[in-house]
Amino acid sequence: MTSTDTAWVAPANADQLTAWDTAEGVFWAEHAELFEHSLQRYDDWLLRAAGIRDGDQVLDVGCGTGSTTRSAAWLAGSGTALGVDLSSPMLTVAALRARDAGTGNATYLQADAQVHPFEPEAYDVLLSRTGCMFFGDQVEAFTNLARAVKPGGRLSLLVWQPPSQNPWFTELTTALAVGRTLPSPPPDAPSPFALADPARIAQILTAAGFATPECEPVKERMYWGPDVPTAVDFVLGVLGWLLDDLDPDELTRAMTNLRRTLVSHYSAGGVTFPSAAWLVTTRKPA
Ligand SMILES: C[S@@+](CC[C@H](N)C(=O)[O-])C[C@H]1O[C@@H](n2cnc3c(N)ncnc32)[C@H](O)[C@@H]1O
């Protein structure tokens, strides 16, 4: 399946497929190590909340290059973990990394989690590390996912708190904006911040058939690379589109701002920024 063959994707997710299955997904796949490391400090929170036990069947939604799927598979022991994602380049890396790690009970599937016909009531745990904010229709997606979860099954999601709580986003975009006011997407549009509001999370998940969720605030430092030059390349891969319309002077200023911002967050542990997420937990009623 490719981004030119969209029959398996909800029409509302066609743009996401194009992004994740081509340039954006290729960049993630080529920088898998960095991306996986960047959110690693959240993994213990997410996995502990998921309460994975030996024999569990786990579904990792928007698994990307699969680090949380591998961890879930390891915790599931005699069980399995399935990672689903839109992005073929990221899933190729995920499968290679699972093979190299000898994680035989982790498997991967290219699918749109919003509409894929998962086996009903097959999963004990639904897990996602920042992979659930891009659905064109959140209620349809979580209703589809709820069908796949066993009665009493658990859900553990990590989603970003609003930009105002995430200096990695505000400081980096401000550096690259060079004084421009950047457009911000509507809060319910697919974006990293689409599930930033706990009231909206509760509305979506209860409409989809889950019990009322808890949203626990969690703050960790987000890793952007071992040194400033690596972090510059990493930031430009993620946010470089902000430079598209700049004239040469503005471009020079933006790059100076970016380096200065990254230097101010550099220490012995590399370049790290404060960040804030919600750890969302709930169950499908038994
Ligand atoms: C921010 S990345 C997170 C990747 C990974 N969970 C991690 O933490 O490194 C979001 C992921 O969600 C995937 N995604 C977006 N919409 C999706 C959908 N409708 N179905 C399945 N995966 C989706 C993207 O392809 C991308 O890999």
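**Fold, core and selected residues of a predicted model**

T130 lies in the loop between strand 4 and helix 7, the latter spanning residues 138-148. Although T130 is not a glycine, its phi is positive, at about 50°.

A second residue with a positive phi is V178. Its phi is about 35°, and V178, too, is not a glycine. V178 is found in the loop between helix 8 (167-177) and helix 9 (198-207). With a relative accessible area of 11%, V178 is buried.

The overall architecture of the chain may now be considered. Its secondary structure comprises 11 helices and 8 strands. The radius of gyration is 19 Å, close to the 19 Å given by the globule rule for 286 residues, so the chain is as compact as a globular protein of that length. Along the principal axes, the C-alpha atoms fill a box of roughly 60 × 40 × 40 Å. Among the contacts in the chain with a separation of 6 or more, 78% are made by residues 24 or more positions apart.

Burial and surface composition were also computed. Of the 286 residues in the chain, 52% are buried. The accessible surface comes to about 12700 Å², and carbon and sulfur atoms account for 55% of this area. The chain carries 19 positive and 33 negative side chains. The centres of these two sets of charges lie 7 Å apart.

In soluble globular proteins, nonpolar side chains tend to be buried together. In the present model, the largest nonpolar core contains 92 residues. Within this core, the members that touch the most other members are L59, F142, L145, W160, F210, W224 and L262. The contacts of L59 illustrate how such a residue is surrounded. Not counting residues up to four places away in sequence, L59 touches L82, V84, F118, Y123, V125, L126, L127 and L145.

One of the partners of L59 is Y123, a residue placed in strand 4, which covers residues 123-129. Y123 has a relative accessibility of 10% and therefore counts as buried. Apart from residues up to four places away in sequence, Y123 touches Q57, V58, L59, L82, A148, V149 and K150.

Helix 8 contributes L172, whose relative accessible area of 0% places it among the buried residues. When neighbours within four places in sequence are left aside, L172 is in contact with P167, W224, V235, L239, L258, T261, L262 and F273. Two of these partners, W224 and L262, are also listed among the core members that touch the most others. By contrast, the C-alpha atoms of L172 and T206 are separated by 35 Å, these residues being 34 positions apart along the chain.

A94 lies in helix 6, which runs through residues 88-101. At 0% relative accessibility, A94 counts as buried. Its contacts, not counting residues up to four places away in sequence, are with G64, T65, G66, R70 and Y108. The C-alpha atoms of A94 and D15, which are 79 residues apart along the chain, are separated by 22 Å.

A further helical residue, L75, is placed in helix 5 (residues 67-76). The relative accessibility of L75 is 33%; this value falls between the limits of 20% and 50%, so L75 counts as partly exposed. L75 touches L47, I52, R53 and D54, again not counting residues up to four places away in sequence. The C-alpha atoms of L75 and V58, 17 residues apart along the chain, are separated by 9.8 Å.

How values were computed. Residues are numbered from 1 along each chain as its sequence is written. This is a predicted model: local features need pLDDT of at least 70, side-chain atom pairs count only at pLDDT 80 or more; totals for chains, interfaces and linings use all residues. Side-chain values use heavy atoms; hydrogens and water are left out. Helices (H or I, at least four residues) and strands (E, at least two) are DSSP runs, numbered from the N terminus. The radius of gyration is taken over C-alpha atoms; the globule rule is 2.2 Å times the number of residues to the power 0.38. Buried means under 20% relative accessible area, exposed over 50%, partly exposed in between (1.4 Å probe, protein chains only). Contact means heavy atoms within 4.5 Å. Accessible areas come from the Shrake-Rupley method with a 1.4 Å probe; for residues, only the protein chains shown count as cover. Lys and Arg count as positive and Asp and Glu as negative; His and the chain ends are not counted. The place of a charge is taken as NZ of Lys, CZ of Arg, CG of Asp or CD of Glu. A nonpolar core is a set of buried Ala, Val, Leu, Ile, Met, Phe, Trp, Tyr and Cys residues joined through side-chain atoms within 4.5 Å.
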